[in-house]
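User: Please go through this model with me in questions and answers, giving the cut-offs behind each term as it comes up.

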Amino acid sequence: MTVTSNSGPGSDVEIPSDMISVVIDGVDMMVPKGTLVIRAAEQLGIEIPRFCDHPLLDPVAACRACLIEVEGMPKPQPACAQVLNDGMNVKTQYASEVARLAQEGVMEFLLLNHPLDCPVCDKGGECPLQNQAMSVGRPESRFDGEKREFEKPINVSAQVLLDRERCVSCARCTRFAEQIAGDPMIELLERGSKQQVGTASDEPFDSYFSGNTVQICPVGALTSASYRFRSRPFDLVSVPTTCEHCASGCSLRTDYRRGVVTRRLAWDDPEVNEEWNCDKGRFAFAYQRNGRIEHPMIRENGELRVASWPEAIDAAARGLAAARGSVGVLVGGRSTIEDAYAYSRFARTALASDDIDFRVRETSDEETAFLASSVAGAPVSVSYDELESAPVVLLVDLEPEDESPIVFLRLRKASRRGTSVISVGAVASTGLGKMAGRLVPARPGQEARALRELDDDARTLLAQPGAVIMVGERAAGSAGTLTAVLELAQSTGAVVAWVPRRAGERGALDAGALAGLLPGGRPLEDPQAREQVAAAWGVEVTDLPAVNGRSGSALLEAVRDGELAALLVAGVELADYSDPTLALAAVDNAPFVVSLENHHSEVTERADVVLPVAVVTEKAGTFLDWEGRPRPFGQVFRDALTMSDAKVLSMVAEAMGASLPGDVRAIRVEMGSLGPWSGHRFAAPNAQPGDRSDGVVLASWRLLLDSGLMQDGEPHLAATARPTVAVAAATMAAALGETVTISGPSGSVTLPLEKGEVAEGVVWVPMNSPGCHIHRDLGAVPGSSVQVSAGGVA
Amino acid sequence: MNRPGIYEAPLGITMRELLDYAGGMIDGRPVKFWLPGGSSVPMLTAEHLDLPMTYEAMAEAGTMLGTGTPMIFNDTVSVVKAVTRWLEFYKHESCGKCTPCREGTYWITGTLERFQEGHGTDREMETLVDLCGQIAGRSFCALGDAAATPYPAAMKYFRDEFVAATTTPVDDSFDPAASYVFSGVAAR
């Protein structure tokens with residue numbers, strides 16, 4: 001429907017009914033109803049000064065820096081909060097003396113109590129206050145009095161520091177904490193000129209998203225302990241990158257100086273991370289420099305020794321060639337899609353093997369079938385934006401705040417706009433509370449039953465258009481869950497999204513780094529798929545492995561039992577397997593082990609050839625986020641001497657007489673030439689739920705900040721991690737007291753016990769946090785039966 | 001005045017008549033300045049005592065009826081001191097949300113406190129007028145507007161007292177003891 005307006009530019013122009021006509025500084029323009037003056041002015045290239053304004057936060061109109069004149073209004077109005085009405089005539093500082101003087105006056109007031117310590121302030125050089133003081137401020141101060149002073153700095157958390165005298169009370173940080181993160185632990189305290197940001201004395205700002213407040217602070221009041229006093233903005237080189245920590249796919253800006261990364265910032269990507277990221281993505285990058293393997297190594301007389309690249313490549317090629325047709329390949333979950341593709345092709349051609357898996361965690365045949373049938377090579381089926389408009393999002397074995405933080409932020413935003421969030425799991429976490437979600441309690445291992453018996457309210461919501469089911473990687477450990485998820489989607493029409501935790505899993509799946517799967521979700525045993533892939537790889541169809549290989553624990557067991565002659569391992573931490581003992585035995589028993597790694601590990605200690613590879617800053621690549629959206633990134637350090645996995649593999653391949661593209665562009669071209677797969681797909685899984693176990697069962701997931709190796713070397717970040725505690729329902733907690741000892745097949749842990757909304761007969765512990773690593777310490781996985789007893793020495 | 005209290009009167013009554021209700025000024029001292037309705041309206045002087053207290057007449061005189069709680073001061077009271085007290089009140093009441101009120105009341109109050117000690121400057125006297133203009137109409141709520149009111153009106157009628165405060169402490173010009181009332185106010 002359109003209406004004709006007489007007030008717009010040229011009265012014969014048809015104006016859509018949701019658009020209005022306004023004038024800003026004499027320029028006619030049309031904007032959607034509800035547009036704020038400051039946003040419309042931006043579209044004209046008119047920059048109105050601002051501090052409290054932030055496009056993703058609710059307007060607060062506190063700083064008054066953006067005052068403009070509106071015809072017919074007696075006082076200047078804040079452009080950040082003034083909604084445009086049809087026919088409104090706005091004059092900014094460029095067209096109105098009233099606006100110019102108002103802005104100049106506010107700027108004078110803002111600088112009044114500001115220390116003007118730009119030369120020693122981290123923000124100097126990229127500071128909105130500094131910049132806008134230059135553009136709209138007076139050249140000299142008229143203030144002769146004494147400035148406000150505060151003790152500096154104070155810790156609002158172990159990571160975030162606050163210099164209160166620099167603060168202009170814009171409330172961006174406090175509004176972010178309340179509106180976006182849902183962690184309102186910082187607030188404006190006191191009043192008048194004593195107003196200051198602060199925390200309750202016993203509750204620091206331990207938010208997973210606290211670093212965003214440092215980034216959006218328009219002055220130098222908030223700084224991070226890790227970056228404070230490290231460099232000046234104008235000495236930094238900035239490169240757009242993608243976060244390597246999880247499958248959220250955040251766009252980042254990596255800043256470096258003289259070959260050293262000094263900080264990482266959330267970059268603006270409205271379709272993915274908006275302007276936010278989590279503290280792990282922001283602060284955890286010291287691992288990239290610390291403890292790197294610098295040279296290739298080969299084992300000689302039982303000892304590893306440094307070797308030259310040609311010698312090491314030759315040793316790897318000879319050993320792998322000798323084992324051809326009998327090599328297992330473990331890709332890890334952190335490869336770029338290009339590197340994973342190189343492993344996929346290398347395994348099927350140079351190694352003539354389909355024994356390959358990228359999953360370093362609990363797996364199942366049911367999950368393999370689920371991924372092959374419903375995820376691999378599929379186009380984006382659910383996007384971040386669609387989460388926002390979904391009537392309901394059902395979470396299954398997924399804890400977004402810990403396992404995919406940007407999914408959490410989007411779901412929280414969605415829930416504030418009316419999306420219902422329902423979680424099928426054992427624990428109603430604080431994260432679920434922040435999403436106003438409700439728990440459908442399920443004992444770990446019994447999620448499938450809970451899904452089949454889902455209440456009518458949830459089913460009705462799921463039947464609405466746009467409904468989404470998000471299932472996490474932990475579902476692999478609960479028999480029948482993924483089958484039940486697909487059944488539920490079928491019966492309700494909801495769309496399923498699989499949300500792995502690691503950044504490389506979705507890409508590795510699409511690259512075919514999984515037994516039975518060629519790139520793009522092509523079944524290995526499908527003749528048409530084999531033809532396409534063989535043509536792209538320049539090999540005969542008969543050269544490709546004929547039958548599906550082994551994956552998951554079957555692959556590890558085969559290596560342990562001596563059924564394979566060699567193992568090629570890339571970026572794998574054995575303790576991450578749900579059965580680390582099995583994984584260790586496999587590596588120990590493998591006759592020949594090649595490890596492509598950047599850090600020393602239990603694998604490199606046991607490897608026959610160790611080939612150092614690049615970390616994300618030293619190579620270009622692409623991660624697929626949980627949506628399946630490609631997140632390409634460039635090379636930060638262009639003169640890095642390290643090589644990507646693909647490059648190293650291509651050298652090994654060449655030494656073996658095979659060919660493999662090692663260049664990221666060549667790989668992208670080759671993957672692109674394969675195109676999407678439209679043929680036959682794997683059959684969907686059909687697994688039955690396991691029996692209900694008696695006694696106490698374990699619930700667990702990995703906390704965002706835990707013992708993960710990629711968080712090494714960041715003590716300030718680690719200090720904001722959640723404490724390692726066990727959580728149980730009130731009745732169990734009351735019976736056990738303040739401390740609980742939990743015992744599994746391989747040991748026990750003693751932890752403080754807290755009560756929470758937990759399913760009956762379930763105790764929750766973090767999966768891999770200081771003092772509680774369930775795979776190794778307990779020999780347990782989520783769903784395992786454990787013994788609990790009161791007391792013990794925590 | 002002798003009988004402070006609550007009086008009901010028709011719109012258009014004059015302050016002189018209201019003062020009669022309240023028993024006149026203590027000791028018959030002359031009216032120096034008065035405010036029709038609280039410290040947030042501009043002050044008037046003895047020459048305005050016969051104005052009808054209507055919206056229009058008050059607006060014409062450059063002030064407002066405000067809250068309807070008049071304040072009347074005799075000739076023992078320093079205007080500089082009265083304005084400083086009011087600004088201290090507004091500074092204390094400012095919530096701190098918006099910049100003009102938070103910082104403006106801080107700046108003006110601090111400056112006026114120096115005037116009170118006899119340390120004002122001619123330049124600051126003019127700057128303060130400017131600052132009040134930078135608060136009025138630009139704060140989030142009306143508290144800023146109110147805080148910006150007393151000084152410009154005081155300067156309009158009693159500029160000399162601010163000039164004196166650039167050299168002489170206010171308490172030297174106006175003996176505070178002369179303003180004290182120890183007895184003689186009728187029971188309310």
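Analyst: A residue is called buried if 20 or more other C-beta atoms lie within 10 Å of its own, exposed if 12 or fewer, and partly exposed in between, with C-beta atoms placed from the backbone. This is a predicted model, in which local features need pLDDT of at least 70 and side-chain atom pairs count only at pLDDT 80 or more, while totals for chains, interfaces and linings use all residues. Residues are numbered from 1 along each chain as its sequence is written, and chains are lettered from A and ligands numbered from 1 in the order in which they are written.

User: Is A:Asp25 buried, exposed or partly exposed?

Analyst: A:Asp25 sits in the loop between strand S3 (19-24) and strand S4 (27-32) of chain A, where strands (E, at least two residues) and helices (H or I, at least four) are DSSP runs numbered from the N terminus. Although not a glycine, A:Asp25 has a positive phi of about 50°. Because A:Asp25 has 17 C-beta neighbours inside 10 Å, its class is partly exposed.

User: Which class does A:Arg258 have, buried or exposed?

Analyst: A:Arg258 lies in the loop between strand S14 (251-257) and strand S15 (260-266) of chain A, and has a positive phi of about 45° without being a glycine. Most residues other than glycine have a negative phi. With 8 C-beta neighbours inside 10 Å, A:Arg258 is therefore exposed.

User: What is the omega of the cis peptide bond between A:Lys152 and A:Pro153?

Analyst: A:Pro153 is placed in the loop between helix H3 (128-136) and strand S8 (154-155) of chain A. The cis bond joining A:Lys152 to A:Pro153 has an omega of about -20°.

User: How are H2(A) and H4(B) oriented to each other?

Analyst: The axes of helix H2 (residues 97-112) of chain A and helix H4 (residues 99-116) of chain B come within 9 Å and cross at roughly 60°; axes are lines fitted to C-alpha atoms over the stretch in contact, and angles run from 0 to 180 degrees between N-to-C directions. Angles under 35 degrees count as roughly parallel, over 145 as roughly antiparallel, 65 to 115 as roughly perpendicular and the rest as oblique. The two helices, H2(A) and H4(B), are therefore oblique.

User: How far apart are the C-alpha centres of domain 1 of chain B and domain 2 of chain B?

Analyst: The assignment for chain B gives domain 1 (15-74) and domain 2 (79-171), with bounds that come from an automatic or database domain assignment. The C-alpha centres of domain 1 of chain B and domain 2 of chain B are separated by 21 Å.
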